[in-house]
Amino acid sequence: MVRPTSAAENLGTETAFEVLARANKLAAEGRSIINLGIGQPDFSTPDNIVSAGERALAEGRHGYTPGAGIPELREAVARDLERRHGASVDAGSVLVTPGAKPVMFFAALLMGEPGVEIMYPNPGFPIYESVIRFSGATPVPIELHEASGFTFDPDQVLSQINERTRLIILNSPANPTGGVYTRDQVERLVAGLEQWPNVVVLSDEIYSRILYDGREHVSWLNYPQLRDRLIVLDGWSKTYAMTGWRLGYGVFPPDLFPYAERLAINSYSCPNAATQYAAIEALDGPQEAVDIMTTAFDERRVAIVRELNDVPGVSCVNPGGAFYAFPNISETGIDARTLQHRLLEEAGVAVIAGTSFGHLGEGYLRFSYAASLEEIIEGVDRMRTLLANS
Ligand code: PMP
């Protein structure tokens, strides 16, 4: 029997992909499946973006590109960050990646090693903990609780930092909770971090355009005192309904950029060429489609929160951003993993157990509401029926 390294054995995964595969298999067998599992917009990529990708291929843009992405796209990203956050970003610090995920992988590989601590949100996107463990570093959870809107307590975070802390990962709006942090929280953390000049921050801002009720996005790019140790992750997947095109980016500080670029060249050479041309159109072209999608997510958010709160034993806080509801199911008396399994197998509803996002997710399920209103209502209805008959 062959065995990989112990580091490889430490790799976790994203349950959403397993649930998606199972849901697709059941659907192929003729079962009626409602997919509220995987986190991706159910809209098509806007036509102007698709045309730009097609044009790039027709014009023969099929070769390798520079490892960090084509200069025109890196400049378009810098312009977009200036427009959206008022932040001045050098195009040379933008690493365009195939999907945004490599940015978190690279951050963990560049900062993590045995003896080092990396802090990450729990419950949070599962790949954070996975890549921290793979790097050999010790994952230290930043606890997020429903009572505080699933956002971090700056004093708590600061009290967990010590000489071994190398990297802090934060995510707002957040997957899986929809939590959004406030300017005050960020500023208190930024102020406290001045005591810890060697700690790097990775701010995952992939849902920064999907916010509700007039909330503002607080980008970490707005704090110049941190820019020499800040990595910002963002991309096209969620904002422009481009998950399968695979394109994202990281803004890296000068001390880390060359190493991140080498990791890119060592692992995948460069991002997909045609996708990069489509991505320029996404950023520089009309933005109405983004507003239409966000308005639709907002309607669905209201519906899913209303429906979930109507299920006996279930309560759901209002998510401030992203497209996930994270209802508390503890009063049903069924653990998250069992309820995830039963919902899919018995009721044909794909959702993800809160425990897939860390141990603090016990007692919760994640519903992605990037699905039609009809599917949302039917999905929660099936859950109501299943629980009533349990
Ligand atoms: N960060 C978070 C919080 C996410 O939820 C996701 C996707 N589910 C990503 C990053 C990665 O996005 P991409 O598909 O562009 O790799």
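The largest cavity is lined by 13 residues, and those that lie nearest its centre are Leu144, Phe150, Phe152, Asn171 and Tyr181. The structure is a predicted model, in which local features need pLDDT of at least 70 and side-chain atom pairs count only at pLDDT 80 or more, while totals for chains, interfaces and linings use all residues. Residues are numbered from 1 along each chain as its sequence is written, and side-chain values use heavy atoms, with hydrogens and water left out.

**Cavities**

- A search of the whole structure finds three cavities of 30 Å³ or more, where a cavity is a set of points, on a 1 Å grid over the protein atoms alone, at which a 1.4 Å probe fits but cannot get out, and where lining residues have an atom within 4 Å of a point.
- The largest cavity holds about 80 Å³ of space, a volume being the space filled by probe spheres set on the grid points, which are joined across faces, edges and corners.
- The lining of the largest cavity has nine nonpolar, four polar and no charged residues; in this scheme Ala, Val, Leu, Ile, Met, Phe, Trp, Tyr, Cys and Pro count as nonpolar, Asp, Glu, Lys and Arg as charged, and the others, Gly among them, as polar.
- The second largest cavity has a volume of about 50 Å³, and the residues that line it include Asp80, Arg84, Arg209 and Asp234.
- Helix H4 (71–85) and strand E7 each supply at least two residues of the lining of the second largest cavity, helices (H or I, at least four residues) and strands (E, at least two) being DSSP runs numbered from the N terminus.
- By class, the lining of the second largest cavity divides into three nonpolar, three polar and four charged residues.

**Largest pocket**

- The largest pocket has a volume of about 440 Å³, a pocket being an open set of points with protein on both sides within 12 Å along at least five of seven lines.
- Its lining comprises 25 residues, of which Glu14, Lys101, Phe125, Lys238 and Arg246 lie nearest the centre of the pocket.
- Helix H2 (15–28) and helix H5 (101–111) each supply at least two residues of this lining, and H2 gives the most, with three residues.
- The lining of the largest pocket is made up of twelve nonpolar, seven polar and six charged residues.
- Because domain 1 (6–45 + 288–388) and domain 2 (48–284) both give residues to the lining, the largest pocket lies between them; these domain bounds come from an automatic or database domain assignment.

**Backbone geometry**

- Most residues other than glycine have a negative phi, and most peptide bonds are trans.
- The peptide bond from Asn122 to Pro123 is cis, with omega near 0 degrees, and Pro123 lies in the loop between strand E3 (117–122) and helix H6 (126–135).
- Ser172 and Pro173 are also joined by a cis peptide bond, with omega about -15 degrees, and Pro173 is found in the loop between strand E5 (165–171) and helix H8 (183–193).
- Arg246, one of the residues nearest the centre of the largest pocket, has a positive phi near 60 degrees and lies in the loop between strand E7 (230–235) and strand E8 (248–251).
- Arg246 counts as partly exposed at 34% relative accessibility, where buried means under 20% relative accessible area, exposed over 50% and partly exposed in between (1.4 Å probe, protein chains only).
- Ser269 has a positive phi near 70 degrees, sits in the loop between helix H9 (257–267) and helix H10 (273–284), and is partly exposed, with a relative accessible area of 33%.
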